[in-house]
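Keep the sequence and the 3D view open as you read.

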Amino acid sequence: MILALVEHERGLPAEASLEALTLARELASVEGTDLDAAAFGGDGSALADELGTYGVDTLHHVDHDDLDGYAPEAWGESLGQLVEEIDAGTVVVPSTDRGHEVAAHAGVTLDAPMATNCVAVEVDDAGAYELERHRWGGSLLEHARLTGDRKVISAAEHEFPVTPADEATAPTVTEFTPSLEADHLRVRVDRVEASDEEGIPLGEARVVVGGGRGVGGAEEYDQLEELADLLGGTVGASRAAINDGWRPHDDQIGQTGAKISPDIYIACGISGAVQHMVGCKGAETILAINTDPEAAIIQKADWAVVGDLHEVVPELNDALRDSA
Amino acid sequence: MSDDEFPSHAGTVIIGAGIVGNSLAYHLADQGRDDILLLDKGPLPDPGGSTGHASNFLMPVDHSKELTHLTQRSIEQYEEMDTFTNSGGIEVARTEERMEELKRRVQSAKAWGEPGRLLSVEEVEEMVPYLNTDILEGGFYSPGAGTCDPLRAGEVMRARADDATGGGLTVSPNTEVLDMHVENGAIQAVETDRGTVEADEVVIAAGLWSPKIAEMAGVDMPLTPAVHQMVSVGPISFFEDYEGEISFPVVRDMDTQMYERQHGNDLEVGSYQHRPILWDVEDVPSIEESPLSPTQPPLTEDAFAQSMADALEIVPELLDDPQAGVRHEIDGLLSVTPDGMPLLGPIQDVDGLWSCAAVWIKEAPAIGEAVAQWMTQGWSEIDVHASDINRFYQYGTSEEFVKNRAHEGFQKIYGIVHPAEQWQSSRPLRTSPFYSRQEELGARFFEAAGWERPQWFESNEDLLDTYDAELDGLLRENEWDARWWSPIILGEHLHMRDHVAMIGDMGFGKFDFVGSDVVEYLERMAVGRVDVDVGKAVYTPILAENGGFVSDLTMVRLGPDHYRVITGGADAGGDRAWFGSHIPDDADVTMIDRTESLCTLGVWGPDARNVVQSVTEEDVSHEAFPPYTAQEITVGEVDAWAIRLSYVGELGWEIYAPMGQGQRLWDTIAEAGEEYDIRPVGMGVYGTTGRIEKGYRLHGHELELEYTPAEAGLTFHGVKDAEFIGKEAYADALEGENAATLCTLSVDDHTAESGERRFMLGSEPILDGDGEVIVDDHGRESYVTSAGTGPSVGKHLLMAYLPPEHATEGASLQVEYMGDQYPVTVEVVGSRPLFDPENERIRS
Amino acid sequence: MNVLACIKRVPNTGAKIVLTDDNQRIDASNLGFTMSPHEECVIEEAIQQADAHGGSAHVLTLGPEEATEQLRTGLAMQADEASLLETDGSEWGPRATADAIANVVREMAEDGTEFDLLLLGNESADAANYQVGVRVARELGLPCVTGIKSLEVEGDTAIAGREIAGGEEIYEIDLPAVITVKEGINEPRYASMRAKMRARNMEIDRREPVGTAGAGSLEKVRLETPETDDSAAEILGEGPEAVPEIVEILESEVSVV
């Protein structure tokens with residue numbers, strides 16, 4: 001049996017969990033076995049309705065009087081106990097913080113090996129997995145062999161497009177109550193705090209708006225400041241702009257300045273010199289706004305707008321203000 | 001300026017879009033080239049070569065006039081493009097020896113027309129408050145120094161090139177050269193991963209990758225990547241109060257071979273003190289494989305340990321800023337050549353292929369301009385002959401040689417380098433057949449273009465006693481003045497004047513020209529009339545179109561359609577390229593290089609004829625073998641050929657023989673000369689004492705593109721009827737008044753303020769009575785082009801170009817040397833010899 | 001408060017990865033080595049916590065002799081001590097690694113050094129097994145939380161935050177504990193020049209790790225460099241006309257609006 005861990009919110013399965021479920025279903029089909037799902041808390045039957053679309057046979061709804069909110073070790077222990085209870089051969093988890101954390105604990109409980117960030121799994125005659133998994137955040141593929149009676153794997157994000165099962169099922173919902181000790185519950189979410197986006201240092205900002213020589217002068221940064229404010233981000237600058245005295249030294253992004261790792265870096269009027277780009281390697285995505293379609297930044301960006309930032313940015317600010 | 005369409009043909013292809021390639025593109029466009037393709041394997045604006053990681057400061061003062069003028073001109077260009085920040089620069093001294101060297105910096109600054117002065121420790125502290133001045137003796141301040149932005153300058157120059165060509169510049173980044181197509185000895189096309197482009201001319205400006213490109217064309221470029229370690233420390237709170245890139249002078253800590261310069265709120269610390277770390281160009285990673293860039297591999301930490309200690313000693317406060325750390329550290333790769341100078345000019349084995357490599361940020365704009373001028377008009381305003389790539393032709397291009405010299409030269413970058421300092425590695429490389437005989441005689445060999453040439457012979461030490469009285473007052477007490485020198489040279493000189501001496505081999509370049517069009521061709525090359533009787537020798541300037549000197553050399557007519565051109569060893573490669581490139585395609589002229597097949601032994605002195613006649617079958621009397629003629633002669637068993645002329649002003653011959661018979665020639669002359677006490681004497685006599693008494697000019701010293709024959713006093717040919725290169729400018733110069741005339745001066749008093757007697761070595765500024773550097777109407781400073789002792793006239797002599805108001809025989813001027821000023825007298829205006837002015841000895 | 005910072009020597013990628021001929025490892029000759037970005041933050045956090053609460057920051061790695069380079073980086077950042085569990089350079093799996101770390105923690109405790117806080121990276125840059133921290137904690141019977149991006153210690157309690165959509169979930173954990181951190185928890189300092197000099201000469205504690213290399217039941221067969229998409233950016237448009245496209249990306253692709 002293949003067991004997939006499903007994270008959900010108010011009965012709606014998370015995207016990454018559905019991806020994991022997609023992989024799990026493939027494996028179940030290859031191995032000719034059942035596809036079960038495990039979920040913690042919430043309304044099990046509502047979730048089961050959703051999971052039917054993806055071919056789940058049984059949903060094991062895990063609950064416990066002391067389980068109120070997320071508790072990594074308790075979840076991992078519970079998952080391990082469930083696996084033993086139902087004798088699942090393989091556990092598939094999403095490649096999320098919780099997925100990996102719970103799986104790691106379960107792996108200890110089960111004394112099972114774990115292969116993370118898998119992008120392809122094949123089953124050989126002996127039941128071993130010939131798998132491919134990401135290393136180096138996906139810049140390298142590892143071909144590996146996973147053996148053992150019980151296996152834990154995580155499905156790399158965005159590698160298994162969510163697809164409904166050929167035939168929808170009506171999953172049975174089974175309640176599972178783990179046996180937990182106090183130690184399992186000593187680590188748990190105490191509270192949730194809303195994020196504070198004010199005055200975030202460059203290195204920690206989720207959005208960075210960078211300005212280079214193309215900005216043209218100190219005052220011209222006002223529009224970039226506004227864009228950053230609208231996005232809850234921070235403004236940075238290239239060395240050339242700093243050298244011209246347009247921005248304080250601390251704003252420099254690059255080899256000899258801040259190293260940024262935002263979700264998006266919006267590079268305005270920045271050519272993309274090596275010294276600058278080294279500081280941007282941590283950026284998940286880069287959007288370049290530049291008049292020169294041949295600028296090096298265009299080679300390195302994910303998206304580019306060819307145009308004058310002095311025209312594009314104010315218009316973008318207007319659009320963002322309107323949509324807010 | 002688009003890379004959309006990769007052209008199938010371009011007038012000019014420039015390989016490499018660093019600061020050098022961009023500068024070339026702009027200046028070539030400015031000079032009229034209108035179909036230019038600029039390509040680079042990397043992206044723009046920073047393709048990943050040295051331009052992208054340089055520390056970008058420009059200290060203009062160098063002991064080389066060429067480099068100083070190139071940096072001055074580059075600063076002008078950066079400034080004009082608004083990419084220069086004038087911060088000033090200070091070279092600090094930790095030792096007394098370095099303070100002496102800094103006095104020489106002041107001297108060079110004055111000689112090359114760049115401001116510069118010494119600073120007391122207090123003044124250093126005032127200008128750069130963060131230095132630990134407790135360890136300093138003082139400094140040299142260069143107010144013109146500053147920093148530049150070469151990436152931005154590149155953008156400006158590309159845009160200007162595009163404008164100047166009316167859109168005729170194609171820029172193609174991310175384009176890798178795969179092959180170079182050469183046919184019939186000429187470049188045809190450049191093959192890239194974006195297509196093949198046919199080209200009329202191709203310039204390799206690919207920095208440390210240049211040899212790889214050259215190899216594709218089947219030629220060698222003597223250049224190796226070498227590491228220059230650099231780290232950047234920040235953020236430093238002290239700099240927070242200062243806006244922009246730099247507010248304090250760049251500091252060069254000369255004795256530790258390091259620099260420290262503000263860059264924003266960082267301090268950049270660079271070092272040349274570490275052990276030389278040379279790379280093989282094949283090991284330099286691709287752009288994709290480099291974490292930073294191909295030329296920024298990770299710092300070799302252990303090599304940098306001492307540099308850190310030294311930096312902490314001189315800038316402790318900044319580096320100990322609790323907020324600051326090492327934010328960036330690299331083994332920066334740059335290009336190093338066997339002698340540290342750039343590699344510029346036409347690559348002579350492939351027509352249409354040019355080199356513009358091993359160029360530093362501080363010279364790049366001016367070098368781009370100079371090479372563009374060279375390509376388009378055949379000469380450059382700033383003479384760059386010391387950077388001519390052809391100086392290594394035929395000897396200095398092996399990987400082993402390049403590595404050895406680069407290794408040795410690395411320590412000279414910030415070192416105190418004596419002007420006569422000799423290289424130690426890769427020697428001996430080129431030896432004449434006389435070498436082992438000379439070695440037995442205790443020759444002290446100096447090297448020129450790879451040739452081992454005796455500078456003097458220890459076996460002649462007895463001459464110091466012989467000429468004790470004559471040498472009084474000419475001996476050098478100061479160690480620096482006497483370094484790479486011996487008083488034996490003066491003894492050898494006097495012995496030659498009294499008896500007879502043998503000198504050789506000089507390492508001459510020897511080129512034979514044959515063919516039915518040879519007279520017409522050589523007439524076009526030379527100022528002097530070439531269509532002379534068979535057997536006549538003609539000493540002639542070789543000019544560029546601007547009337548400046550490309551070379552000076554001797555042409556001998558061996559037959560109706562056969563000439564031999566003999567030129568100085570150091571210039572042989574460049575002259576060969578010049579002559580080769582000017583042979584018209586349809587002319588019947590063949591050049592045969594005899595450099596490596598013939599050796600030369602000079603026999604000169606009052607007894608020269610007695611010695612030579614005693615072993616020669618032919619009659620060598622004055623009548624049978626007049627001066628300035630050449631004949632085949634047989635010396636003992638040796639089949640030789642001799643010219644009767646002399647660079648030392650004596651009766652005698654240059655005897656040429658096949659290399660294989662050279663030792664026999666040496667032995668024959670030496671044996672025959674025994675009864676006249678013939679002595680082997682060194683190049684010290686030939687190149688310095690003998691020639692300077694005779695007022696003979698030397699290319700690269702007195703003779704440069706920046707001066708004309710009229711100014712050099714070499715007008716004896718008049719203006720011949722035949723056309724020749726530079727004729728118009730030459731004729732104009734003869735007509736007009738000289739802005740400066742080459743003069744011979746003597747030092748009146750050698751006594752320094754310290755009481756020590758000092759002897760100038762060359763390159764010192766000439767000052768007027770008020771102590772101001774003399775400058776002519778063309779803005780050229782008067783400086784010592786050559787210095788040397790004239791034992792026969794009992795004086796230390798200097799040559800210098802002087803403007804008319806000072807070019808008066810008997811005039812009193814001053815020379816500045818190591819911080820002191822010495823009175824000098826103008827002895828001769830023009831080329832009249834100080835010794836034997838009527839040349840009676842040569843004609844005897 | 002004594003803090004243990006566990007780090008791993010890995011090639012300094014950030015450029016196209018070239019593999020050795022046997023496809024078993026990365027050819028690092030052009031790259032040099034470093035530690036995972038999370039782990040620079042591990043060291044920084046260890047030093048800050050030790051400084052704030054009195055105690056020492058101790059850097060530990062399991063790796064070959066060359067990994068002393070990374071330990072010295074830690075010392076240059078002003079960590080107090082460093083230990084090397086010296087291996088022959090072969091790859092240790094998460095279980096073996098965790099066993100070796102747990103064992104050395106026990107050994108040190110016997111020698112009188114007890115750690116209040118054990119910090120590790122959330123996952124290594126190269127293998128990313130996401131397990132060593134949890135396994136060390138379970139082995140030592142300590143509480144553990146992973147993926148932490150903010151950390152404060154008050155008395156015997158660690159207040160640790162993990163990023164979730166729209167905010168942070170906060171854990172309060174009794175010390176001693178194992179916490180794995182993510183880049184962004186702090187801005188790791190650059191070592192000062194003087195500290196680098198000092199670190200060059202500092203003593204490194206060397207030990208034999210307990211156990212042997214081996215990945216257990218997950219066995220590496222070979223590595224492969226995937227086809228990468230290094231094409232230029234997708235051009236959204238020219239000038240202000242591209243604004244709707246930008247907004248679309250900010251909303252759906254990056255979810256920052």
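Let's start in chain B, where B:Ala214 sits in helix 6 (residues 210-216). Bear in mind that everything here comes from a predicted model.

- Is B:Ala214 buried or exposed? B:Ala214 counts as buried, because 26 other C-beta atoms lie within 10 Å and the cut-off for "buried" is 20 or more.
- Setting aside neighbours within four places in sequence, the contacts of B:Ala214 are B:Ile204, B:Val219, B:Asp220, B:Met221 and B:Ile347.
- B:Ser459 is another story: it is 245 residues from B:Ala214 along the chain, and their C-alpha atoms are 46 Å apart.

**A six-stranded sheet in chain B**

- Chain B has an open sheet of six strands, running in the order 34-37-38-33-36-35 with antiparallel pairing.
- Which strands stand at the edges? They are strand 34 (766-767) and strand 35 (784-790) of chain B; each has a single partner strand, so one side of each has no neighbour in the sheet.
- Helix 19 (residues 683-693) of chain B packs on this sheet, where it touches strand 35 and strand 36. The direction of helix 19 makes about 90° with that of strand 35 of chain B.
- Further in, strand 33 (residues 741-747) and strand 36 (residues 795-802) of chain B form an antiparallel pair with six bridges.
- To find your way along that pair, look for B:Leu745, whose bridge partner in strand 36 of chain B is B:Leu798.

**Domains and annotations in chain B**

- An unreviewed UniProt entry annotates residues 434-716 of chain B as "domain: GCVT N-terminal". Helix makes up 28% of that stretch and strand another 28%, with 36 Å between the end C-alpha atoms.

**Chain A at a glance**

- Chain A holds nine helices and 17 strands, and its C-alpha trace spans about 70 × 45 × 35 Å along the principal axes.
- Of its 324 residues, 59% count as buried.
- Among contacts in chain A with a separation of 6 or more, 64% link residues 24 or more positions apart.
- For chain A the domain assignment gives domain 1 (2-185) and domain 2 (202-323), with 40 Å between their C-alpha centres.

**Where chain A meets chain C**

- The contact involves 65 residues of chain A and 60 residues of chain C. On the chain A side, these residues are 31 nonpolar, 16 polar and 18 charged.
- Strands pair across the two chains: strand 9 (residues 140-146) of chain A runs antiparallel to strand 13 (residues 218-224) of chain C, with six bridges.
- What stands opposite A:Arg145 in strand 13 of chain C? That's C:Glu219.

- In chain C, residues 23-206 carry the UniProt annotation "domain: Electron transfer flavoprotein alpha/beta-subunit N-terminal", from an unreviewed entry. That stretch is 33% helix and 29% strand, and its end C-alpha atoms are 31 Å apart.

Conventions
Residues are numbered from 1 along each chain as its sequence is written. Chains are lettered from A and ligands numbered from 1 in the order in which they are written. This is a predicted model: local features need pLDDT of at least 70, side-chain atom pairs count only at pLDDT 80 or more; totals for chains, interfaces and linings use all residues. Two strands pair if DSSP finds at least two bridges between them. Helices (H or I, at least four residues) and strands (E, at least two) are DSSP runs, numbered from the N terminus. Two residues are in contact if their C-beta atoms, placed from the backbone, lie within 7 Å. Axes are lines fitted to C-alpha atoms, for helices over the stretch in contact, and angles run from 0 to 180 degrees between N-to-C directions. Ala, Val, Leu, Ile, Met, Phe, Trp, Tyr, Cys and Pro count as nonpolar, Asp, Glu, Lys and Arg as charged, and the others, Gly among them, as polar. Domain bounds come from an automatic or database domain assignment. UniProt positions are given in the numbering used here, feature names are shortened, and annotations may be inferred rather than shown by experiment. A residue is buried if 20 or more other C-beta atoms lie within 10 Å of its own, exposed if 12 or fewer, and partly exposed in between; C-beta atoms are placed from the backbone.
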